[in-house]
Amino acid sequence: MNDWIEIGALNDIPRRGARCVMTPQGKIAVFRTMEDQVFAIDDHCPHKGGPLSQGIVHGASVTCPLHNWVISFETGKALGADEGSVKTIAIKRDGERIFALLERTAVAAE
Amino acid sequence: MEAPEKKQKLVIIGNGMAPGRALEHLFELAPDAYDVTIFNAEPRVNYDRIMLSPVLSGEKAFEEIIIHGDGWYIKHGIMLYKGHKVVNIDRVAKTVTSDAGTTEPYDKLLIATGSLPFILPVPGNNLPGVLTYRDLDDVRAMLLAAQSRAKAIVIGGGLLGLEAAAGLKSRDMDVTVLHVMPTLMERQLDPAAGYLLEKAVEARGIKVLTKASTKEIIGEKKVEGVLLADGTVLPADLVVMAVGIRPSGSLAKEAGLECNRGIVTDAGMRTSDPDIFAIGECAEVGGQCYGLVAPLYEMARVVAAQLAGNSEAAFVHSETPTKLKVTGINLFSVGDLGEGDDRQEIVLRDASAGVYKRLVLKDDRIIGTVLYGETSDGAWFHDLTKKRTDISEMRETLIFGQSYQGGSPLDPMAAVAALPDDAEICGCNGICKGKITGAITGKGLTSLDDVRAHTKASASCGSCTGLVEQLLSLTLGDSYNPSAVTPMCSCTDLGHDDVRRLIKAKSLKSIPAVMQELEWKTSCGCAKCRPALNYYLVSDWPDEYADDYQSRFINERVHANIQKDGTYSVVPRMWGGMTSSKELRAIADVVDKFEIPAVKVTGGQRIDMLGIKKEDLPAVWADLGKAGFVSGQAYAKGLRTVKTCVGTDWCRFGTQDSTGLGIRIEKFMWGSWTPAKLKMAVSGCPRNCAEATCKDIGIICVDSGFEIHFAGAAGLDIKGTEVLGLVHTEDEALEHVVALAQMYREQGRYLERIYKWAKRVGLDEIRRQIMGDADKRKGYFDRFVFSQKFAQVDPWSERVSGVDKHEFQPMATIAYQQAAE
């Protein structure tokens, strides 16, 4: 079962940048676009596992720092000629506060 | 074919655009008829004078506006006397003599002495700081004056004056234009368009004073200001006179040729002496002198035909449209704009779009056109005028342009397709549509440059480039690829060089400003263009631009090198490859403390610690910093390492202190960003143990001094270095190396290593600027030193002190035992 869990505030993330969140399901990368939209995806490039959170953010996508795959935040899919996808994590915002839809069982285990 | 000794001797006085064009025609028509000698008062080859304004504004370099390089003269066996001013024509002996004492005989003489700028006959007009705007020397003088960023006054609100004002403004001067008439460019524009032009000029921060009559230029030893007839005094450090030109005919007059306003010629461009011709701005044909390039090229065509034996060739007067070459201001004007009882006019104004169009009609025909803001129909209107087309049928919609006629779609392509074959496309060169499309299909042309080379269309002022490109795509269909330059990335159609030039020319000082002004196609770029733009801005505005970390590759953001598993490697600087027990001990302690899995000696004589977790980076740096280490920037598109050998300190062959010089260079240059990584080396003797001859920049010490090398490669490509030159002292070596690096910093495309850049701009050009031109070298050196004030900040200590701390910590850890990382 999933639940909305607060993971931080908008200003914790630089515009066109990312921060990581450690979760029981692994590391997720939370991105903030130029227009202050927030997205979260697995921090793990479908190509060779590069840390997407370390890439350059442009539009609603990120370029992986290892081999320049471009991953869309909205779909988690690789753009252009490359094929592959990562898991996207739903995000909602309440003003400055950011919530991610994460598995409740993990939280309950605390 | 005639035997060479029977060739006639053609002497040309002047080396501007008209005689250059005449020779091109002549070599086509009669390649073996003449031995050609040219006397040029300017010490250089033939260049495109109408492109001086883009040179002044910084949108083009002089090298880009050369029409005929030295090779062209050699190829055609032309004797070119550069910097020779002809002082005498002896019509009896048929010789000319230059101020340097050279005398050449002629069979045919062509006078193309051009024109002189008109100097207002007011007191003070000869003070230092009063310039004209005529040739490259004037442009250089203005650029020099512009460095002071002080006040400039341009007298004259015509084409040249406004272009000069825009150029000086883009060089950051405080510019005022004085114009004696009530509106700008009154000879070509009606008052309404003149008013719009004035607003547009003022919107660029240039002050305009109309009805301003200059009474005196004031100043003691140099220009200090301008006194107007109404008593106003305007302070100025530079005054540019652009009030008109007068034909330069004194030489001809002294030789007894018939002169009026210019040198009088018949329609065949022949003067009162049958063996002497005159063309260009100095010539007066049919009672008129000309200043625009199109009629001058027509004269060139005629005189070439005459010289080739066609006595029928004759000059025909035609109206030439005026266009202003100021980026962002579109205007077009041609024909008779006067009002009268026998005339009618059609006017369209769109104030919000800044558009004004006016057609002057007489007897249902267009006799004059002014377009401001939206000029794409200029060619069509001009064509209707030239053909004297009766427009009564389309009068209702005429002003909306060609695409509104006959129900054809509103598509610029369709508009060009609809033009008749004899419609003029290139006004400067008088090239019509049929000639261009004919050349494209007939000669298999595929690019804009091809069309320029074969037809001259768009090769002068360039304002018809869009039309020519449309003709290329119409004729070739999909096989035409309009971008002769490779765009930076898919976010723009501009290439790296255009972007770099425009950043300077338009004073763009942030990534959003670049994207807005240069019409980026994406909202915030991509991983290709953003790092490139960030570098260009850091390089061009070191003191003003705020480095954009989010546009840097991760390595440059965290000052370490990302590895395949997402960990990082850290390389501290070891100046010139020298280290000590204290440094080595500190490294050993760090390796133990952070359980760093691998330690390796690099090819650049330093030590690499691999496999460090990102979260540990600040603590690793803090410990290294305590031992005196700074970042080795082994990740940077910037100065990496200066490899050295032990030189005279230890080596029995060493000729100089190569280690000391290497350390000195590294300490001087560390922290500087460059287009791509920059690796250097200093070897103490030609045995070259530091492998300096495959580096970006290398120095080989020899007994007599320091041989500077550059443009080597030992990566994807392997290439030995080229020699820049030999200098005698360590100080000189440093200055030359730094100047070379700065030249590369200013011109290189992002990710372009120095050897690729050097191949592109030419080794000789680099040697000329760095070895041969002390002022240039000093300029580069000074700009490098200035930018280092902002660049030499150790990123590690900055991070340790807390800058961008968030980079290294997760934003949240969802507390849960198994999740702990």
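Student: Why is Asp336(B) called partly exposed?

Tutor: Its relative accessibility is 34%; buried means under 20% relative accessible area and exposed over 50%, with partly exposed in between (1.4 Å probe, protein chains only). The value of 34% therefore puts Asp336(B) in the partly exposed class. This is a predicted model, in which local features need pLDDT of at least 70 and side-chain atom pairs count only at pLDDT 80 or more, while totals for chains, interfaces and linings use all residues. Side-chain values use heavy atoms, without hydrogens and water, residues are numbered from 1 along each chain as its sequence is written, and chains are lettered from A in the order in which they are written.

Student: What makes Arg343(B) and Asp336(B) a salt bridge?

Tutor: The closest N and O atoms of Arg343(B) and Asp336(B) are 2.8 Å apart. A salt bridge is a side-chain nitrogen of Lys or Arg within 4 Å of a carboxyl oxygen of Asp or Glu, so the pair qualifies.

Student: How do you know that Asp94(A) forms a salt bridge with Arg97(A)?

Tutor: The closest N and O atoms of Asp94(A) and Arg97(A) are 3.9 Å apart, which is within 4 Å and therefore meets the rule. Asp94(A), at 46% relative accessibility, counts as partly exposed, and Arg97(A) counts as partly exposed at 39%.

Student: Which parts of the chain does the salt bridge of Lys362(B) and Asp342(B) link?

Tutor: The closest N and O atoms of Lys362(B) and Asp342(B) are 3.5 Å apart. The pair links distant parts of the chain, 20 residues apart: Lys362(B) is in strand β27 (residues 355–362) of chain B, and Asp342(B) is in the loop between β25 (331–335) and β26 (343–350) of chain B. Strands here are DSSP runs (E, at least two residues), numbered from the N terminus.

Student: How many salt bridges does the rule find across the interface of chain B and chain A?

Tutor: The rule finds one. Arg16(A) and Asp548(B) meet at 2.8 Å, N to O. In contact, meaning heavy atoms within 4.5 Å, are 31 residues of chain B and 35 residues of chain A.

Student: Why are β20 and β23 of chain B said to stand at the edges?

Tutor: Three strands form an open sheet in the order β20-β22-β23 (chain B), with mixed pairing. β20 (263–265) and β23 (288–289) of chain B each have a single partner strand, so one side of each is left without a neighbour in the sheet.

Student: What makes β22 and β23(B) a pair?

Tutor: Two strands pair if DSSP finds at least two bridges between them. Strand β22 (residues 283–285) of chain B and β23(B) have two bridges, in the antiparallel sense, so they count as paired.

Notes:
Helix = DSSP H or I, 4+ residues; strand = E, 2+ residues; numbered from the N terminus.
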